[in-house]
Amino acid sequence: MAYEGINLYQCFSKLFPWTHSQVIVVSGTFPNPCGHAILNAGGVGGHYFHIAGDGNDRPYYMDEAGYRRCLKENRKTELQRKSIKITKPDAMQRKFDELASQDWLWGVLPHNCATFVETLVKAGGSDTGLYTNCPALEDWK
């Protein structure tokens, strides 16, 4: 099985550098034309978070090396990386801790990787998001 990162079964004991967040879109694997959304905290060399479409599972965490490994093993390429403005990093951390402490029910388009990222950045005070929840087919607004 290709590397997705480390499942989060507990909260981290530190505040992530959410004020330097980026939304990343990578290519999808067949038959998924929508690609995949990943949240980065801290920029290159920082922390990467995402949810994978494998049923009812916890979010995943990766460092920079893990992110590169994930791309390689899943045969994905980075399509888009957008810096986003986070005005409430403490609220974003609380939402992250909440999401990391529970299973995420994958719902294809209505409740997917893009929804996971949008939920976090909205908690952080950003209005960025997607209209279709299909990250590879549109730009983050």
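1. A nonpolar core here is a set of buried Ala, Val, Leu, Ile, Met, Phe, Trp, Tyr and Cys residues joined through side-chain atoms within 4.5 Å. Buried means under 20% relative accessible area, exposed over 50%, and partly exposed in between (1.4 Å probe, protein chains only). The largest such core has 24 residues, and Trp18, Leu39, Phe49, Phe96 and Phe116 touch the most other members. β3, α2 and α3 each supply at least two residues of this core. The most comes from α3, which gives six residues.

2. On the basis of the note: this is a predicted model, in which local features need pLDDT of at least 70, side-chain atom pairs count only at pLDDT 80 or more, and totals for chains, interfaces and linings use all residues. Residues are numbered from 1 along each chain as its sequence is written, and side-chain values use heavy atoms, with hydrogens and water left out.

3. Elements next. Helices (H or I, at least four residues) and strands (E, at least two) are DSSP runs, numbered from the N terminus. Two strands pair if DSSP finds at least two bridges between them. Six strands form an open sheet in the order β1-β6-β4-β3-β2-β7, with antiparallel pairing. β1 and β7 (78–84) are the edge strands, each pairing on one side only.

4. Now the strand pairs. β1 and β6 (residues 60–62) run antiparallel and are joined by two bridges. Isoleucine 6 stands opposite tyrosine 61 in β6. Helix α3 (residues 113–123) packs on the sheet and touches β2, β3 (36–41), β4 and β7. Contact means heavy atoms within 4.5 Å. The direction of α3 makes about 30 degrees with that of β3. Axes are lines fitted to C-alpha atoms, for helices over the stretch in contact, and angles run from 0 to 180 degrees between N-to-C directions.

5. Histidine 47 in β4 is the bridge partner of alanine 41. Histidine 50 has tyrosine 60 in β6 as its bridge partner. The hairpin of β3 and β4 has five residues between the strands, and glycine 42 takes a positive phi near 100 degrees there. Both faces of β4 are covered: His47 and Phe49 on one side, Tyr48 and His50 on the other, all buried.

6. Aromatic rings. Rings of Phe, Tyr and Trp (its six-membered ring) pair if their centres lie within 6.5 Å; planes under 30 degrees apart count as stacked, over 60 as edge-to-face and the rest as tilted. The structure holds nine aromatic pairs. Phenylalanine 16 and phenylalanine 96 pair edge-to-face, 5.5 Å centre to centre with 80 degrees between the planes. That pair links distant parts of the chain, 80 residues apart: phenylalanine 16 is in the loop between β1 (6–7) and β2 (21–26), phenylalanine 96 in helix α2 (residues 89–100). Both residues, phenylalanine 16 and phenylalanine 96, are buried.

7. Tryptophan 18 and phenylalanine 49 form a tilted pair, 5.5 Å centre to centre and 40 degrees between the planes. Tryptophan 18 lies in the loop between β1 and β2 and phenylalanine 49 in strand β4 (residues 47–50), so the pair ties together parts 31 residues apart in sequence. Tryptophan 18 and phenylalanine 49 are both buried. Phe16, Trp18, Phe49, Tyr61 and Phe96 form one aromatic cluster.

8. Last, phenylalanine 49. Leaving aside neighbours within four places in sequence, its contacts include Leu8, Phe16, Trp18, Leu39, Phe96 and Phe116. A second, separate core of nine residues includes Tyr3, Val26, Ile38 and Leu71.
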